[in-house]
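Look over the fold below before reading on.

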Amino acid sequence: LALSMSMEELMAAGERVYLAACAACHMPNGEGIPGVFPALKGSPMALNDIPAHIDIVLNGKTGTAMQAFDKQLTLSEIAAVVTYERNAWGNNTGEMVQAKDVNDIATGQ
């Protein structure tokens with residue numbers, strides 16, 4: 001388990017995870033399907049609230065199609081895909097999420 005990855009490593013791994021686990025709903029371009037699956041490109045969650053962003057990937061969102069990925073993806077994969085979503089498609093936050101950040105949210109620290 002890589003506890004700390006570079007931006008380059010996070011983006012490469014994050015793109016792989018995104019295309020495998022997220023793109024079917026949120027689309028490869030991050031624009032989603034209006035009224036069905038929210039866009040991640042330019043979304044307030046992907047631009048602002050890191051803990052909420054990690055939480056929704058870990059735990060999903062009740063009452064929506066957004067499923068929990070805590071049992072399907074590793075801490076490193078979740079860190080990578082959240083980093084990717086925060087820095088792809090012009091989101092360009094420059095923020096990196098690491099496995100420790102995901103673990104902290106997962107364990108309520």
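Predicted model: local features only at pLDDT ≥ 70, side-chain atom pairs only at ≥ 80, totals over all residues.

Residues are numbered from 1 along each chain as its sequence is written, and side-chain values use heavy atoms, without hydrogens or water.

The protein chain has 5 helices and 0 strands (DSSP runs: helices are H or I, at least four residues; strands are E, at least two; numbered from the N terminus). The C-alpha trace spans about 35 × 30 × 25 Å along its principal axes.

α4 and α5 (residues 99-106) pack at about 105°, with axes 8 Å apart (axes are lines fitted to C-alpha atoms over the stretch in contact; angles run from 0 to 180 degrees between N-to-C directions). The two helices, α4 and α5, are therefore roughly perpendicular (65 to 115 degrees). Leu 75, Ser 76, Ile 78 and Ala 79 in α4 meet Ala 99, Val 102 and Asn 103 in α5 (contact means heavy atoms within 4.5 Å).

Next, the pocket. The largest pocket holds about 490 Å³ of space (on a 1 Å grid over the protein atoms alone, a pocket is an open set of points where a 1.4 Å probe fits, with protein on both sides within 12 Å along at least five of seven lines; lining residues have an atom within 4 Å of a point; the volume is the space filled by probe spheres set on the points, which are joined across faces, edges and corners). Of its 25 lining residues, His 26, Pro 38, Leu 40, Ile 56 and Met 66 are closest to the centre. α1 gives the most to the lining, with 5 residues.

How values were computed:
Parallel < 35°, antiparallel > 145°, perpendicular 65-115°, else oblique.
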